[in-house]
Amino acid sequence: MISFRLSDEHDQLRLTVAEFARAVVAPVIGGFYERGEFPYGIVAEMGKLGLFGLPFPEEYGGMGGDYFALCLALHELARVDSSVAITLEAAVSLGAMPIYRFGSDQQRGQWLPELCQGERLAAFGLTEPGGGSDIVGGMRTTARLEDGEWVIDGSKAFITNSGTSITSLVTALAITGRSAGRPEISAIIVPSGTPGLTVGPEYSKVGWCASDTRELAFSSCRVPAANLLGEAGRGYAQFLQTLDEGRVAIAAVSAGLAAGCVDECLAYVAERSAFGHRLGHYQAIQFKIADMETRAHGAMLAWYDAAARLVAGQPFKKQAAIAKLTGSEAAMANARDATQIFGGYGFMNEFPVARFYRDAKVLEIGEGTSEVQRMVIARELGISGGS
Ligand SMILES: Cc1cc2nc3c(=O)[nH]c(=O)nc-3n(C[C@H](O)[C@H](O)[C@H](O)COP(=O)(O)OP(=O)(O)OC[C@H]3O[C@@H](n4cnc5c(N)ncnc54)[C@H](O)[C@@H]3O)c2cc1C
């Protein structure tokens, strides 16, 4: 039988993170968002709660949980705020996870303990100014071996967590050779502060304003040959796996935002009146919220399915793409409807729904656009090709 009932452990985690988001994040995050400031104190508290170590073994300072647990935490955080959720998502599923999955014992031992504690953050540098969807065609960053060191040249765009004062490294994807006419891509760990690595200023973003996103430039940036992650030429396969997992996590963030819109609207329509009645009295409003809840629930079930398959070691590529597409579209639609229900206040930044509205759009872009998700689903159905 299929069971959608959470284990006691997972449910306890869900409740703990929900309470943390309500008590610690909600009261202050709007100020950080407006100032475009990274919330170091909140991130430190998330670290103490063990959130950055959720899916990693205890020997590295992790919590010994699983990817489903990480997604539950992301869902509950995003229900209140997406900047902190994406900071956790990028730090764990894009930053630390490739080191855990593909790193040597030495690399795991060196980097994972402080990443699992949330004392330091790792970033994943895949996208380049010339292209994110067609990353192989668009990649210009190169690395060549010289005197026992990789010499990296090129640049990366939109890299989350790459410029905080607690960022410890970025895993950069670079072309390290050619094979059968195709670029050979490798992943290389570049510690923060390495000469030749320039971290750009924080972008001015529409949403996720309390998260850190920057451009990186590499100019004759030298790191030891031992900083290669896994084998040379395996970078393409590594980032495909990393992105498949990341899509499940973004789906959980999306479903959380969609559910947060419902939470905010339920509270608002019980208070606000028009034409002699509370807003919740009107069927047009009830139906809008019923549709929002339907989308949020479907989005949640979609990531539950993908994450459960991932944890069970079953194929999950198609389900991850479906969950990401379903979740991001639910988030966009719910944010639009929630803003409408709040009327003029929905357009005021001090209200969480305004933040949700600004944060929702990027969910249809990051870690594979909606078009890319449709390509993946079509390919999985055996109908790829054409344009
Ligand atoms: C806030 C933020 C944080 C991010 N964090 C990271 C990070 O930490 N690490 C990282 O590596 N990247 C990160 N990204 C980059 C993100 O993953 C890319 O923006 C995304 O993959 C899209 O790439 P692009 O922006 O180059 O758009 P493009 O690839 O140029 O696409 C432009 C448009 O064309 C469409 N398109 C492209 N090809 C096709 C096709 N064949 N058929 C139909 N439509 C097509 C796309 O769907 C899109 O609508 C981040 C982005 C943002 C905005």
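**Cavities, strands and charged pairs**

α5 (82–102), β4 and α8 each supply at least two residues to the lining of the largest cavity. Helices (H or I, at least four residues) and strands (E, at least two) are DSSP runs, numbered from the N terminus. The model is a predicted one, so to speak of local features takes a pLDDT of at least 70 and side-chain atom pairs count only at pLDDT 80 or more, while totals for chains, interfaces and linings use all residues. Residues are numbered from 1 along each chain as its sequence is written, and side-chain values use heavy atoms, with hydrogens and water left out.

Back to that cavity. A cavity is a set of points on a 1 Å grid over the protein atoms alone where a 1.4 Å probe fits but cannot get out; a pocket is an open set with protein on both sides within 12 Å along at least five of seven lines, and lining residues have an atom within 4 Å of a point. The structure holds two cavities of 30 Å³ or more, and the largest has a volume of about 40 Å³ (the space filled by probe spheres set on the points, with grid points joined across faces, edges and corners). Among the residues around the largest cavity are Pro-98, Phe-102, Phe-124, Thr-171 and Leu-173. Ala-187, Leu-229, Gly-235, Gln-238, Phe-239 and Thr-242 also line the largest cavity. α8 gives the largest share of this lining, four residues. Sorted by class, the lining of the largest cavity has seven nonpolar and four polar residues, with no charged ones. Here Ala, Val, Leu, Ile, Met, Phe, Trp, Tyr, Cys and Pro count as nonpolar, Asp, Glu, Lys and Arg as charged, and the others, Gly among them, as polar.

The second largest cavity comes to about 30 Å³. Phe-52, Ala-91, Val-92, Ala-96, Leu-115 and Arg-120 line the second largest cavity. Three residues from α5 make that element the top contributor to this lining. Five of the lining residues of the second largest cavity are nonpolar, one is charged and none is polar.

Helix α9 (residues 283–312) provides the largest share of the lining of the second largest pocket, with five residues. That lining splits into seven nonpolar, four polar and three charged residues.

Of the 37 residues of α8, 27 are buried, leaving the helix mostly covered (buried is under 20% relative accessible area, exposed over 50%, partly exposed in between, with a 1.4 Å probe and protein chains only). As for length, the end C-alpha atoms of α8 are 53 Å apart, which agrees with the 54 Å that its 37 residues should span at 1.5 Å a residue (the expected span being 1.5 Å times one less than the number of residues).

Arg-247 and Asp-244 form a salt bridge, with the closest N and O atoms 3.8 Å apart (a side-chain nitrogen of Lys or Arg within 4 Å of a carboxyl oxygen of Asp or Glu). The whole structure has 25 salt bridges. Asp-212 and Arg-214 make one at 2.8 Å, N to O, and both of these residues are buried. In the salt bridge of Arg-35 with Glu-37, the closest N and O atoms are 2.6 Å apart. Arg-35 is exposed at 53% relative accessible area, and Glu-37 is partly exposed at 33%.

That leaves the strands, where two strands pair if DSSP finds at least two bridges between them. Strand β7 (residues 213–224) runs antiparallel to strand β3 (residues 149–160), joined by nine bridges. Within that pairing, Gly-154 has Phe-218 of β7 as its bridge partner. β7 also runs antiparallel to strand β6 (residues 197–199), with three bridges, and here Thr-198 partners Ala-217 of β7.

Strands β4 (residues 167–179) and β5 (residues 182–191) pair antiparallel over 10 bridges, with Arg-178 opposite Pro-183 in β5. The hairpin of β4 and β5 has two residues between the strands, and Ala-180 takes a positive phi near 50° there. β5 additionally pairs with strand β8 (residues 228–229), again antiparallel, over two bridges; Ile-188 has Leu-228 in β8 as its bridge partner.
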